[in-house]
Amino acid sequence: MRDSTAASPAARGGVPLTRRFFGWLELAALVIGLDQLTKWLVLSNLDFGEGIPVTGFFQLVLVYNPGAAFSFLAEHSGWQRWFFVVLALGVSGWLLTLLRQHQRETLLPLAFSLLIGGALGNVIDRVVHGAVVDFLYFHVGRYGWPAFNLADSAITVGVALMLWAQFRAPRNTNPENPS
């Protein structure tokens, strides 16, 4: 017969949820909230395609990106909307698992929180607007970087932090003993 008492997460090989884990989730929620707030402000004040020059190399614009980074797959008929929603939700779920495993660290959970917040901020756009709302446009003369948003920035910083963490991680010099 099995013992009717539930095994603790540590006994099952899992990592218990801590206050720190929920703090990382709060950071992800903050990214989502700030992303949606800035997009709401742009949607409330600009018409599609309208731009407001801020400096000689930066302006606020309102554009929609039905694709991914650099408008990847944007020219397709619409299937990519739900593909990117499912992909972002799947990756966010995987990142939540990693966040739980690394919750006591600093660099990786920070990266995971930014990635989750950015991904879910853009998922909200795809579901609500059918495309991602972009509004930050940097340019030099007529040459410009594709417009982006706060969620995209969080994703970019999150990826950079993940890479940094990997380069900083100690290397195992004994391939027969990976622990």
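The legends below go with close-up views of a predicted model.

Local features are taken only where pLDDT is at least 70, side-chain atom pairs count only at pLDDT 80 or more, and totals for chains, interfaces and linings use all residues. Residues are numbered from 1 along each chain as its sequence is written, and side-chain values use heavy atoms, with hydrogens and water left out.

**View 1. The whole chain and its elements.** The chain holds four helices and four strands. Helices are DSSP runs of H or I with at least four residues, strands are runs of E with at least two, and both are numbered from the N terminus. Read from the N terminus, the order is α-β-β-α-α-β-β-α. Of the 179 residues, 33% count as buried. Buried means under 20% relative accessible area, exposed means over 50%, and partly exposed lies in between, with a 1.4 Å probe and protein chains only. The chain exposes about 11300 Å², and carbon and sulfur atoms supply 66% of that area. Accessible areas come from the Shrake-Rupley method with a 1.4 Å probe; for residues, only the protein chains shown count as cover. Take the contacts between residues at least 6 apart in sequence: 65% of them join residues at least 24 apart. A contact means heavy atoms within 4.5 Å.

**View 2. Helix α1 against helix α3.** Two packed helices are described by the angle between their axes and the distance between the axes. Helix α1 covers residues 19–45 and helix α3 covers residues 107–129. They pack at an angle of about 40°, with their axes 8 Å apart. Axes are lines fitted to C-alpha atoms, for helices over the stretch in contact, and angles run from 0 to 180 degrees between N-to-C directions. α1 and α3 are therefore oblique to each other. By angle, under 35 degrees is roughly parallel, over 145 roughly antiparallel, 65 to 115 roughly perpendicular, and the rest oblique. The crossing of α1 past α3 is right-handed. A crossing is right-handed if the near helix is turned clockwise from the far one by less than a right angle, and left-handed if anticlockwise. The contact of α1 with α3 involves 12 nonpolar, seven polar and three charged residues. Ala, Val, Leu, Ile, Met, Phe, Trp, Tyr, Cys and Pro count as nonpolar; Asp, Glu, Lys and Arg as charged; the others, Gly among them, as polar.

**View 3. Helix α1 against helix α4.** Helix α4 spans residues 150–168. α1 and α4 pack at an angle of about 145°, with their axes 8 Å apart. From α1, the contact uses Val31, Leu34, Asp35, Thr38 and Lys39. From α4, Leu150, Ala151 and Ala154 take part. By class, five residues of this contact are nonpolar, one is polar and two are charged.

**View 4. Helix α3 against helix α4.** These two helices pack at an angle of about 155°, with their axes 8 Å apart. That makes α3 roughly antiparallel to α4. α3 passes α4 in a left-handed crossing. The contact of α3 with α4 has 17 nonpolar, four polar and two charged residues. Ser153 belongs to helix α4. Ser153 counts as partly exposed, at 23% relative accessibility. Ser153 and Gly118 are 35 residues apart along the chain, and their C-alpha atoms are separated by 7.6 Å.

**View 5. Tyr64 in strand β2.** Tyr64 sits in strand β2, residues 58–65. Tyr64 is partly exposed, with 34% relative accessibility. Setting aside neighbours within four places in sequence, Tyr64 is in contact with Leu43, Phe48, His129, Ala131, Val132 and Val133. Ala131 is 67 residues from Tyr64 in sequence; C-alpha to C-alpha, the two are 5.7 Å apart.

View 6. Pro16 lies in the segment before α1. Its relative accessible area is 32%, so Pro16 is partly exposed. Pro16 and Gln103 are 87 residues apart along the chain, with 9.7 Å between their C-alpha atoms. Gly23 is in helix α1. Gly23 is partly exposed too, at 29% relative accessibility. From Gly23 to Pro109 the C-alpha separation is 10.0 Å, across 86 residues in sequence.
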